[in-house]
Amino acid sequence: KMVKMKGAFAYYEDPETKEQYFACIIADAMACCSQGLDFIPTDEYTYPDDYPARGADITVTGEFESYQDADGITCYRLVDAVLS
């Protein structure tokens, strides 16, 4: 299923593996709590050149998928994501 979401851009690089993680963070109506969703961008994006500043408003569209992490926990993310 394709999902489109608006929120704040977040980025993290694992210092040991150098793996990059991208997310869209959405605050609740009172802005006291937030929830994020990881996304894997299409190959046409290169960090940091093709990304906004951390915390900038973004819209991300991608295919919603579930996967198992290394501990066997079911997680969710957007794949083949496009920023607009």
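**Entry 1: rings**

I began with Tyr 51, which is buried, because its relative accessible area is 10% and the cut-off for buried is under 20%. A reminder to myself: this is a predicted model.

Next I looked for rings that pair up. How many aromatic pairs does a search of the whole structure find? It finds 13. A pair of rings is described by the distance of the centres and the angle of the planes, so I noted both for two of the pairs.

I took Tyr 11 and Phe 22 to start with. Their ring centres are 5.4 Å apart and their planes are at 45 degrees, so I put this pair down as tilted.

Then I followed Phe 22 to its pair with Tyr 51. This one is stacked, with 4.7 Å centre to centre and 0 degrees between the planes. Here too distant parts of the chain are linked: Phe 22 is in β2, while Tyr 51 is in the loop between β3 (34-41) and β4 (57-68), 29 residues apart. I also looked up the accessibility of Phe 22, and at 7% it counts as buried.

Which residues do ring pairs link into a cluster? I wrote down Phe 9, Tyr 11, Phe 22, Phe 39, Tyr 45, Tyr 47 and Tyr 51.

Arg 77 lies over the face of Tyr 67, at 3.9 Å from the ring centre.

**Entry 2: strands**

Now the sheet. Strands of a sheet pair through backbone hydrogen bonds, either parallel or antiparallel. In this model five strands close into a barrel, and I traced the order as β1-β2-β3-β5-β4, with mixed pairing. Neighbouring strands here are turned by 55 degrees against each other on average, direction ignored.

I went through some of the pairings one by one:

- β1 and β2 are antiparallel, over six bridges. Ala 8 has Ile 25 in β2 as its bridge partner.
- β2 and β3 are antiparallel, over six bridges. Cys 24 stands opposite Leu 37 in β3.
- β3 and β5 (residues 74-83) are parallel, over three bridges. Asp 38 stands opposite Arg 77 in β5.

I also checked how β2 gets to β3. The two form a hairpin with six residues between them, and Ala 31 in the turn has a positive phi of about 60 degrees.

**Entry 3: cysteines**

A disulfide is a covalent bond between the sulfur atoms of two cysteines. How many disulfides does the count come to? It comes to zero.

Cys 33 is in no disulfide either, and its nearest cysteine sulfur is that of Cys 32.

I finished with accessibility for these two. Cys 32 counts as exposed, because its relative accessibility is 57% and exposed means over 50%. Cys 33 counts as partly exposed, at 45%.

Note on methods
Residues are numbered from 1 along each chain as its sequence is written. This is a predicted model: local features need pLDDT of at least 70, side-chain atom pairs count only at pLDDT 80 or more; totals for chains, interfaces and linings use all residues. Side-chain values use heavy atoms; hydrogens and water are left out. Rings of Phe, Tyr and Trp (its six-membered ring) pair if their centres lie within 6.5 Å; planes under 30 degrees apart count as stacked, over 60 as edge-to-face and the rest as tilted. Helices (H or I, at least four residues) and strands (E, at least two) are DSSP runs, numbered from the N terminus. Buried means under 20% relative accessible area, exposed over 50%, partly exposed in between (1.4 Å probe, protein chains only). A charge sits over a ring if NZ of Lys or CZ of Arg is within 6 Å of the ring centre and within 35 degrees of the ring normal. Two strands pair if DSSP finds at least two bridges between them. Axes are lines fitted to C-alpha atoms, for helices over the stretch in contact, and angles run from 0 to 180 degrees between N-to-C directions. A disulfide is a pair of cysteine sulfur atoms within 2.5 Å.
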